[in-house]
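Welcome! Please take a moment with the sequence and the model, and then let us walk through some features together.

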Amino acid sequence: MSARTSRFLSRTLGDATSQLTQRAPVAPPDEEHRPSASLFKWFRLNGLSRPPNLSRTLSTIEDEKVPQDRAKKLGTFSGVFVPTTLNVLSILMFLRFGFILGQSGILGMLGTAPTPPLFCHPLYLINLITTLSISAISSNGTVRGGGAYYLISRSLGPEFGGSIGLVFYLGFVFNTGMNAVGMIDCIMNNFGQVAGSSSHFFRDGYWYRYLYATTVLVLCTAICLLGSAIFARASNFLLGILLLATFSVPFSAFVVAPFSYHNVHYTGISLDTLLENLRPRFTKGAVGSQTSGRENWQDLFGILFPATAGIFAGASMSGDLRNPSKSIPKGTLQGLLLTFVAYTMVILSMGTTIKRESLYKDLNIIQDINASKYLILMGELASSFFSALMGVIGSAKSLQALARDGVVPGVSIFGQGTKSHDEPTYAILLTFLLSQLTLFGDINQIANIVTMTYLMTFLVTNLACFLLKIGSAPNFRPSFRYFTWWTAAAGAVVSGATMIFVDKLYAGGCLAVLLSLFLVIHYTTPPKSWGDVSQSLIYHQVRKYLLRLKQEHVKFWRPQILLLVNDPRRSWKLIQFCNAMKKGALYILGHIVVTPDFQESFPEVKRQQAAWVKYIDFSKVKAFPQISIAPTIEWGARNIVLSAGLGGMRPNIAVMGFYNLDEYRESTPLISVPSATPISDKASASRRLACQGSPGKRISHIVDNLPTDNMRSEKAVSVTGYVNILEDLLLSLQINVAIAKGFENLELPKKGKHHEKKYIDLWPIQMSAEIENHAPGAGSVLTTNFDTYTLILQLGCILNTVPVWKKAYKVRVVVFVEYESDVKEEQDRVKKLLENLRIQAEVLVLWLSSGELRSYEVIVNGAAPKDNCDVEDILGKEEWWRELQKRRSQASAQDSPNHLADLAQLVSGAQWPSSSFQQQANRTGSHSISGGLRKLIKKPRRRHSMFGLTRLGMSVSLNMRTHRLNPDALDHGSASELSSDEESSDEFLSDEESIVSAASENDVDEYDEGKASGQKARRASVGDPFGLGALSRRQTLRQTALKSSALSSALKSSPADLSPAPPHHHSRPTSSSGGNSSGSASALLPIRPEPPHRSSTPTFSCKAIPDTQVATEEGAGPSIMFADSNPRRTTSPPAQSHPLSFNDLPSSAQHLILNELIRKYSQDTAVVFTTLPSPQSGTFKSEKDSLEYLTGLEILTAGLPPTLLIHSNSLTVTTAL
């Protein structure tokens, strides 16, 4: 092979190798794949010394480039020390030190420029402390371009970083203009036609000076555009000139002989001159003064500070440094030390050689007394020219870094950089244009503005260092250790105080600009992943106070909500509603991922967690997401409730959506599930049909895409699973529970929008339960739902405190009784309760027997149903209803007493369901209740909560029941909000007093076991369905029937009419206490027989609420409750023989009546709050029982506005201070 061919082959293979290595790295060949010896021999025969290197990779090339790039960057000396020294040795030293020294004297000057051991210079003290903070921050990690902006933004976040970055940028711009103006002043003082001391070459005048300063800025801009390398080489040369000029001042004090010339009186080193210049002596009209009056410390401080405040010059070059973390602390401290020594020598040499009169009259005194005037001129030009250069390039790089971070809107174009050295061309040009505007000001005015911007930057830098230190973040480990938290704190405080000291007006303006920029960035800039110090501080404080946060006291109670959500799109409005109702408290969005395989589904859980976080940010709700993974949804719900929150900050109310029975009916077409949708409610039915197609379409008008739309959808919970979760929450976990129905139709209030709805309606329906004590001579335990009643009022009041809800809707409290004569009494009691709870709301009291409720007239009074009546459609298949209709049809052939006895047998028989949702109530054995009561009676003086009753073996849960109490309240009570079995009171009842029931489900009255005989009086209860008063415990139904038969002879002359009665009842007679009094008018009326007493489950109540009792003394127990009352006969309709009342009706009938009542009076309502009956323990074990319970709730809420059914297990209101 020829040499030409060999060269061609080598070049070709080499090019191919280069192309391959640029695509992907190739690993070095191992022993098995090493080229064979024959291949090497072939290469040698063809003139190639060795095969081409195929293992040279792109990473190798990059590694070779890194040292080359680092070699092009600047070191400590040229990158930090030189810029810092040149910036601190300002032009103000040559132009204003004589003026400042003449006014403040040596002591005043050294009071602002320290010379140990006399004074500690405030200016240099601020600089030194700030330098320590800069060194600490910059040595804690990698520092990139941006200088002060980069250090602050990565420490305090984008808001502080961006705002202070722009303020510091403007300060740099003003400093650039100040140095350009100062350079022209030097030139004009030497070569100006008016003030020139050497020659009169340059024309003088305002616009000529502006033109000359512009020329200086153009020259500086051109040098900066050529790159930082030329800038660095020029700075080294300028530093040498400046140091020679600076140290020539103390050198001249030793070599220049005393002289006097015009206004210059130079004495050389003289003790007399030192004493003359030692103390301050303020004058007015001195050369260089810009005030009409006498000078003061504030003016001098503002002028002098920029002469010492160039410590950020090195940090501003951080992007061009090889090792910023080491170079910035070392170079800045060295430069600060050198300038400190230089300034001290200059001040002392001037103060001991120049007469005070010369300091007042000669602005260019340093040059006039120096051994070489031209050396001082060169130093002035070097200082001002470099500071102008530094101002252009430093501020441009800060703006470039700020623009690239996208912190401030509208400045992204200035993030541009050249391809070769990344020079900020656009930012340099902008800096030049802004600097042109500063040329219109005087050097003293510009110096004051620069002072404010520098001090503000110093303050925030020290603050960042202080917060990083006290935040105790483990990763804050700066290699520079010569600082503490108190040095940083002192630097921040002194900087702020100095701003106010210098000029309050300028300080306020600078602060206003900073705050404005802060707000703009906060509301326009997306979050950054920089990890600012605020997160560390928040974590530190949250952990600290969570450890202190104990169980919440009732007077500080607020709803801490756990909302269980399956589909966030369906629940959009419910999520927003709960966010408004939380009242600044804890809000958790719980979601359950059901899977049998944890490891397989965990990645999906992580994705869903991230999606929920984005959803919260997107929807702007203040909530925490909590994802639970479990094999069943029941266990997932338990895990969420048990693990939600931290310390004393845990949910106290769980909110669930209503079970979707429509989807259940569609999924089980072969199973007949009765529908509870009222036929007359056409609007509700049409809404339901419109929403059945695609649930996601309901809020499609709200938002198109949600971050959670791509989450894995979970299967619908079963009927038994849903009821199981509800039982766990209510009976086992004993947390407050709310069920939301119809919130997809909620009208969320918005500012400036017209709302069709007007009200927030609170329907706190009474519930009561009576538990019989079989001990001899003992009374019964009666509980009411005071906790639930008041929680409904509390939540409605809280929602009304949200400004947008308060402006859009009014709060109404709507209650009902059965008869019109109870309206006034009920209204007074409700108003009294609201007054005690400080709740402002409109009160409406309705009565069921008004004749306007068709369902009530048909069910209770036996009126004929109309065509559009829903009673037959919903109750027609129930056995008790068919039997009641059958017996009513036979009523005309019977006399009243016999008919009443017949109905008593019907109500007490197995065909008649309980007056509650709990169809399983009678299945529970009585032995557990009586056993629990025996334990209860052993502790006669202790108040027991419902939780205590449950622990004692008494299965008690509350449902709704009409119940009217005597308005006379007992005098005893307690005032503490601690309702627990461990708290007791020392209140006693006399032997003559009857033991009555508790006022609240969390407050059961004490029992007196000392009374061995005598019937215990008790309230009318569920076991008294006809409302005719108390009944002996030993009286049987048979005895009741015989008693009714005995009355028939006295009533033969006027038998009761059992046909359907007129619907209206406008009045009723006052009930007597006896019920058996002879000779009374009521004795001639038919009396309903009393069935035997039985323990009841909590049921609906339609009669007046008990009086509200406020405790008069502090102690254990609630401070407000329903008052205990003496036994009282319940009211029956006048001149009517109808044995039924609302109290006697089974749950389905009660709910049908209430549904019609709420629909009638809440048509203009945005949301309804009402009572949730709880399921009996064990309901979930039967799908039939679970469906009965949920169908009962559906009957209650069908066609209503968005409804929140609430059940409380704790007291949430108080009257205590």
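Is Tyr124 buried or exposed? Tyr124 counts as buried, because its relative accessibility is 5%. Here buried means under 20% relative accessible area, exposed means over 50%, and partly exposed lies in between, with a 1.4 Å probe and protein chains only.

## Before we start

This is a predicted model, in which local features need pLDDT of at least 70 and side-chain atom pairs count only at pLDDT 80 or more, while totals for chains, interfaces and linings use all residues. Residues are numbered from 1 along each chain as its sequence is written, and side-chain values use heavy atoms, with hydrogens and water left out.

## Aromatic pairs

A pair of aromatic rings is described by the distance of the centres and the angle of the planes. Rings of Phe, Tyr and Trp (its six-membered ring) pair if their centres lie within 6.5 Å; planes under 30 degrees apart count as stacked, over 60 as edge-to-face and the rest as tilted. By this rule the count comes to 36 aromatic pairs. In one of them, the ring centres of Tyr124 and Tyr343 are 6.5 Å apart and the planes stand at 75 degrees, so the pair is edge-to-face. Tyr124 belongs to helix H6 (residues 122-138) and Tyr343 to helix H14 (residues 324-351), so the pair ties together parts that are 219 residues apart in sequence. Helices (H or I, at least four residues) and strands (E, at least two) are DSSP runs, numbered from the N terminus. Tyr343 is buried too, because its relative accessibility is 1%.

Trp880 and Trp881 also form an edge-to-face pair, with 5.8 Å from centre to centre and 75 degrees between the planes. Trp880 is buried at 2% relative accessibility, and Trp881 is buried at 1%. Elsewhere, ring pairs link a cluster of Phe168, Phe172, Phe301, Phe305, Phe312, Tyr454, Phe458 and Phe501.

## Strands side by side

Which strands does S16 pair with? Strand S8 (residues 759-763) runs parallel to S16 and is joined to it by five bridges, and four bridges join S16 to strand S17 (residues 1203-1207), again in parallel. Two strands pair if DSSP finds at least two bridges between them. Ile760 stands opposite Val1167 in S16, and Thr1171 stands opposite Ile1206 in S17. From S16 the chain crosses through helix H40 (residues 1183-1197) to S17 in a right-handed β-α-β crossover. A crossover is right-handed if, with the strands pointing away from the viewer, the path from the first strand over the helix to the second runs clockwise. Strand S16 (residues 1165-1171) is mostly covered, with seven of its seven residues buried.

Asp761 sits in strand S8 and counts as buried at 0% relative accessibility. The C-alpha atoms of Asp761 and Ile1158 are separated by 9.4 Å, while the two residues are 397 apart along the chain. In another parallel pairing, six bridges connect strand S11 (residues 810-817) with strand S12 (residues 842-847). Val815 has Val845 in S12 as its bridge partner. The chain passes from S11 through helix H31 (residues 823-836) to S12, and this β-α-β crossover is right-handed.

## Charged partners

Side chains of opposite charge can pair when their charged atoms come close. A salt bridge here is a side-chain nitrogen of Lys or Arg within 4 Å of a carboxyl oxygen of Asp or Glu. How many salt bridges does a search of the whole structure find? The search finds 17 salt bridges. One of them joins Lys355 and Glu276, whose closest N and O atoms are 3.6 Å apart. Lys355 lies in the loop between H14 and helix H15 (356-361) and Glu276 in helix H11 (residues 271-276), so this pair ties together parts that are 79 residues apart in sequence.

Arg829 and Glu825 meet in a salt bridge at 2.8 Å, N to O. Because they are four residues apart in helix H31, Arg829 and Glu825 are separated by about one helical turn. Arg829 is buried, with a relative accessible area of 3%.

## Two loop residues

Lys583 has a positive phi of about 55 degrees although it is not a glycine. Lys583 is found in the loop between helix H23 (572-581) and strand S4 (587-594). Gln734, also not a glycine, has a positive phi near 50 degrees, and Gln734 lies in the loop between helix H28 (719-732) and strand S7 (736-741).
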